[in-house]
Amino acid sequence: MNKNTLYDKLWDAHIVSERDDGSTLIYIDRHIIHEVTSPQAFEGLRIAGRKPWRLDTNLATPDHNISTDRIERDAGVAGIPDPTSRIQVQTLDDNCEHFGIKEFKMNEMGQGIVHVMGPELGATMPGMTVVCGDSHTATHGALGCLAHGIGTSEVEHVLASQCLVAKKMKNMRVTVDGSLGTGVTPKDVVLAIIGKIGTAGGNGHAIEFSGEVFREMTVEGRMTVCNMAIEAGARVGMIAVDDTTIDYVKGRQFVPSGELWAPAVAYWKTLVSDADAVFDIEVVLHADDIAPQVTWGTSPEMVAEVTARVPELSAQKTPEQRTGLENALAYMGLEGGQAITSIAVDRVFIGSCTNSRIEDMRAAAAIARGRRAAPSVKQVLVVPGSQMVKAQAEAEGLDKVFIDAGMEWREPGCSMCLAMNADKLGSGEHCASTSNRNFEGRQGNGGRTHLMSPAMAAAAAVAGHIVDVREFLSEVVE
Amino acid sequence: MRAFTTHHGLVGPMDRANVDTDMIIPKQFLKSIKRSGFGPNLFDELRYLDSGEPGQDCSGRPINPNFALNEKRYNGASILLARSNFGCGSSREHAPWALDGYGFRVVIAPSFADIFYNNCFKNGLLPVVLTEQQVSGLFDELYREQGYQLTVDLTEQTVLMAGGRSYGFEIDEFRKQCLLQGLDEIGLTLKQAPAIKRYEEQRAERHPWVFGAIK
Ligand code: SF4
């Protein structure tokens with residue numbers, strides 16, 4: 001009787017104890033730390049006179065509010081213009097120093113957005129429990145991990161005890177079979193899933209993404225999908241281990257080599273859902289039905305195919321839906337029934353833990369190559385997700401491609417994904433963005449975000465408005 | 001942690017679905033390295049007409065008269081009545097810190113985002129899930145009656161309305177006990193240190209690569 005899901009297996013392997021009250025103490029293998037959600041946790045440790053339970057599990061890096069400007073970065077922590085951000089980054093450095101935690105500092109090779117650097121350094125390995133004080137921790141589930149975001153109190157809890165008090169979630173499987181059409185990327189797949197199940201569709205569930213489409217996908221693409229599980233309401237997104245996973249982790253900095261490699265691989269290969277595994281919810285989509293996606297509203301579920309139109313008020317069923325749409329349209333400055341491709345963009349952001357890996361850089365560069373950003377577009381920011389992505393992209397000459405196209409090549413960090421540094425939208429500005437949230441004000445007060453894939457964002461930069469990237473692909477300049 | 005047993009207080013409305021944590025406490029305020037002081041910036045972008053900056057004195061800022069919680073009748077509200085999927089978005093614990101700093105002790109909604117829900121308990125804030133219908137009914141009453149108040153009894157797991165009517169709500173036993181007794185969760189977990197050590201020893205035998213990699 002083998003009926004366990006991948007999630008069941010990962011959960012079972014990490015139970016420290018089950019308590020009488022129905023809660024479970026779960027062991028945490030990897031804890032990633034950044035500057036925004038950790039200061040109060042370290043402070044809590046100090047006040048209680050506690051020390052980290054283990055040091056070789058923690059990995060820290062600043063990403064959320066560091067500058068992406070080369071000159072400011074070269075000036076080090078002292079060069080961060082905003083004093084409160086500077087204090088936060090300095091505090092992370094100080095805390096890591098004080099407690100003996102491994103940190104990749106702002107300008108060190110290895111630094112990057114937490115969810116880009118963890119997997120790329122091999123700090124995230126299949127079969128691990130991975131947590132971070134950031135809701136997009138689900139990203140790491142792409143490697144067959146149980147990974148989710150935690151709050152600051154839990155950051156402190158993990159630091160102090162290496163455990164979390166948890167309750168098992170329910171199992172949900174999203175299957176996408178078939179093969180994706182030209183110009184359709186992992187980002188489009190996950191946006192289509194969110195469009196189908198809604199932003200609360202995964203609440204209380206761990207989502208496993210399964211089916212041909214994910215099997216064919218690279219680990220980078222899988223990370224893009226798992227990254228946005230939280231936008232479908234699920235703290236956890238994951239994909240079973242296969243040869244693609246194992247090829248990906250092999251040789252990375254923190255991954256075992258020598259004698260430990262073979263037993264590790266043997267264990268990792270068991271990290272798949274059993275054939276008879278039972279899921280509480282099953283959702284099925286077909287690859288053929290997925291076209292490039294764009295969000296038009298203020299929630300990731302307000303999404304449509306690029307060839308579609310913004311929904312009309314008259315088509316809404318309930319008064320609540322109508323008000324929701326009215327609010328979103330008013331905020332976004334759009335009319336119901338307007339073609340999505342008629343939306344002009346003021347700025348373009350290519351980056352964030354959703355889409356700032358080397359593949360994303362390549363996909364955007366393939367569109368930018370030999371073309372130029374439209375003069376009406378004020379700024380195109382291309383922000384690699386980590387120092388390693390940056391170095392690789394530069395080795396491939398992608399930085400030149402972007403610069404020649406009139407785009408800005410920046411230093412790694414979260415940047416305009418959440419606009420905690422100087423990279424921001426002005427009020428009323430529309431942005432073609434490869435990030436993950438289009439909430440009101442997310443990319444700057446009054447800013448209007450349209451989520452899409454890196455290729456679509458690069459195409460929008462060139463066209464000056466939202467455009468179907470497939471029109472560009474037939475005429476890609478090599 | 002501050003204990004929570006029962007709470008009686010004035011109710012304030014947050015009448016929209018999918019209120020995300022960016023809306024609860026905008027990101028610029030996340031730059032603080034403290035746990036307190038977020039109250040004046042709760043719902044900052046909705047509440048004020050200008051754009052707020054950390055460290056700013058909020059007392060002189062222009063108030064948005066169209067934001068319900070700014071209405072005089074809701075002054076001093078300590079129970080927030082909200083719509084579905086409240087607290088979606090980021091994992092920032094600054095969201096419950098801001099609600100707490102404003103003076104809220106309870107949030108009632110038909111559903112909450114998972115991480116936010118979890119974070120509330122760590123901060124002595126009680127999230128109460130009622131049905132869509134019950135919440136809609138409460139909104140109607142709240143809009144109808146000036147000075148609308150409720151009592152939330154955690155021990156009995158009930159929301160009490162005037163006239164003795166009440167709604168029951170579900171809550172996880174562990175979380176309930178922690179809140180009722182104001183327990184320090186970390187301290188509780190550390191009581192199980194021997195079990196954690198035993199787990200680590202067994203695990204190190206089975207999966208040694210999990211240990212020692214990061215130095
Ligand atoms: S890139 Fe955006 S979503 Fe990702 S960790 Fe940074 S702020 Fe969060």
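**Entry 1: two rings on one helix.** I looked at Phe139(B) and Tyr143(B), which sit 4 residues apart in helix 5 (residues 132-144) of chain B and so are separated by about one helical turn. Helices here are DSSP runs of H or I with at least four residues, strands are E runs of at least two, and both are numbered from the N terminus. The two rings form a tilted aromatic pair, 5.9 Å centre to centre with 40 degrees between the planes. I noted the rule: rings of Phe, Tyr and Trp (its six-membered ring) pair if their centres lie within 6.5 Å, and planes under 30 degrees apart count as stacked, over 60 as edge-to-face and the rest as tilted. Are the two residues buried or exposed? Phe139(B) is buried at a relative accessible area of 1%, whereas Tyr143(B) is partly exposed at 36%. Buried means under 20% relative accessible area, exposed over 50% and partly exposed in between, with a 1.4 Å probe and protein chains only.

**Ground rules.** I am working on a predicted model, where local features need pLDDT of at least 70 and side-chain atom pairs count only at pLDDT 80 or more, while totals for chains, interfaces and linings use all residues. Residues are numbered from 1 along each chain as its sequence is written, chains are lettered from A and ligands numbered from 1 in the order in which they are written, and side-chain values use heavy atoms, with hydrogens and water left out.

Entry 2: Phe209(A) is buried at 2% relative accessibility, and Phe214(A) is buried at 0%.

**Entry 3: charges over rings.** I then checked for a charge over a ring (NZ of Lys or CZ of Arg within 6 Å of the ring centre and within 35 degrees of the ring normal). The charged end of Lys102(A) sits over the ring of Phe104(A), 4.9 Å from its centre. Arg61(B) lies over the face of Tyr48(B), 3.8 Å from the ring centre.

**Entry 4: two helices crossing.** In chain A, the axes of helix 2 (residues 39-48) and helix 6 (residues 152-161) come within 8 Å and cross at roughly 50 degrees. That makes helix 2 of chain A oblique to helix 6 of chain A. Axes are lines fitted to C-alpha atoms, for helices over the stretch in contact, and angles run from 0 to 180 degrees between N-to-C directions. Under 35 degrees counts as roughly parallel, over 145 as roughly antiparallel, 65 to 115 as roughly perpendicular and the rest as oblique. Contact (heavy atoms within 4.5 Å) involves residues of helix 2 including Phe42(A) and Leu45(A), and residues of helix 6 including Val155(A) and Leu159(A).

Entry 5: Chain B has 8 helices and 7 strands. Its C-alpha atoms fill a box of roughly 65 × 45 × 25 Å along the principal axes. Of the 215 residues in chain B, 58% are buried.

Entry 6: Ser38(A) is in the loop between strand 3 (30-33) and helix 2 of chain A. Ser38(A) is buried at 2% and touches Ile33(A) and Leu92(A), not counting residues up to four places away in sequence.

Ala461(A) belongs to helix 16 (residues 454-463) of chain A and is buried at 0%. Leaving out residues up to four places away in sequence, its contacts include Val348(A), Ala373(A) and Met407(A).

Lys176(B) is in helix 6 (residues 173-181) of chain B. Lys176(B) counts as buried, at 8% relative accessibility.
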